[in-house]
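Please look over the structure below.

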Amino acid sequence: MEIAELNRRLATLSPSERRYQRGEAFDWEAAHRQTSFEGRPVYVMSHEAAPASAQHDGALVVPEAPPLAGSVALRRNSRFNPVPEHVHRHIEISYVYAGTCPQTIDGRALTLQENQVLLLDTNCPHAIGELGAGDIMMSLVLERSFLRENLLDTFAHDGILSQLLINALNDQADHNRYVRFHSEGSRRVRRYFQELMCEYYDPSSNADRIIMNLLQLLFAELIGVYEADYQQRATTGGAVSALDLVRYIEQHYRDVTQEGVARHFAISPNYVSVLLKRHTGMTFMQAVQAQRLGHAASLLRNTDRPVEEVAHEVGYENLTFFYRKFRGAYGATPAVYRDEHRGHKKTARRQ
């Protein structure tokens, strides 16, 4: 499917949208059960992540066996049909492809602009306002385990900046149960979503792999957007932020100390630990280890340097200690990890 054809199909009103446009109301009570959330009634969206059979939405048709069925689903939200406050058991990523979308999240009103992304955690109450004819919002539905294991954790071992986003959805860290990405200026977000929609609604023979790679590219870009948002908030606040600490650790991970970080930012060593734990879910030493091991993993994947040399390069003098920490983080010895990833690359090249 070409982008022009995708745009034509997205703009086409479905039969149900034509009925809503004429004033017909959707019966939410008949379709979904209600529950109580903090003393108020909300609907529970119980639909599965993947449709059981082909579904028609105007000119869009979901295949009977969509790519990554059971883990990923992609839907266009109905226009002229506001959605009352509800919760669901999956992760939902809203993307405004055209126009705007008013939402109320946990009692807070906001309007998503074109090319912005909203990531909603499970059981986060939210309502969607009425969309007009020119408003197109897509909902990418993911199982929570799929998001963590196949997307966010992919970046967690390459550094600790991604932990700021990962822990936005971590029950053990401070979070609002949603993350808004001010990605309106990102050309990549739009391109990745376009390719994602084309592949989902008109899958090729290798659709699962393509969509997985597009999702990883999308989240790599969103992590960058989130970092920029985070830094802007921290700069406005005028105080030392967790992102400042993370960047310093990433630059000096080979020999950094908690006391050295505290001296550099003129704060107490205890405050270093508090900031990191609150915003990344990690202690200072865990953050340092994550950066060292992430860099070691990258060297193992992309170079032929001996394991002992890699260990010394990232700050480990004790090789036994390095082996133990690496195996704990990656579930394999450095040599096995290198062989496995070399094998994946060879397979990908053959395909």
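Leaving aside its neighbours within four places in sequence, which residues is Ser-204 in contact with?

## Ser-204 and its surroundings

This is a predicted model. Beyond its neighbours within four places in sequence, Ser-204 is in contact with Glu-199 and Ile-210. The Glu-199 contact includes a polar one: the two side chains meet at 2.5 Å.

Ser-204 sits in the loop between α6 and α7 (207-237). Its relative accessible area is 36%, so Ser-204 counts as partly exposed. Pro-67 is 137 residues away from Ser-204 in sequence, yet their C-alpha atoms are 9.3 Å apart in space.

## Helix α6

Helix α6 covers residues 187-201, 15 residues in total. From first C-alpha to last it reaches 22 Å, close to the 21 Å expected at 1.5 Å a residue. Ser-186 caps the N-terminal end of α6. One of its side-chain oxygens lies 3.4 Å from the backbone nitrogen of Arg-188.

The buried residues of α6 are Val-189, Tyr-192, Phe-193, Gln-194, Leu-196, Met-197, Cys-198, Glu-199, Tyr-200 and Tyr-201. Glu-199, the polar partner of Ser-204, is thus on the buried list.

## Packing of α8 and α9

Helix α8 (residues 242-252) and helix α9 (residues 258-265) have axes that come within 11 Å. The axes cross at roughly 125°. That angle makes α8 oblique to α9. The crossing is right-handed.

On the α8 side, Asp-244, Leu-245 and Tyr-248 make the contact. On the α9 side, the contact residues are Gly-260, Val-261, His-264 and Phe-265.

Definitions and conventions. Residues numbered from 1 in each chain as written. Predicted model: local features only at pLDDT ≥ 70, side-chain atom pairs only at ≥ 80, totals over all residues. Heavy atoms only, no water. Helix = DSSP H or I, 4+ residues; strand = E, 2+ residues; numbered from the N terminus. Expected span 1.5 Å × (residues − 1). Buried < 20%, exposed > 50% of the residue type's maximum accessible area, 1.4 Å probe, protein only. Polar contact = N/O pair within 3.5 Å; in protein donor to acceptor, adjacent residues only side chain to side chain. Axes fitted to C-alpha atoms, helices over the stretch in contact; angles between N-to-C directions. Parallel < 35°, antiparallel > 145°, perpendicular 65-115°, else oblique. Left-handed = near helix turned anticlockwise from the far one by under 90°. Contact = heavy atoms within 4.5 Å.
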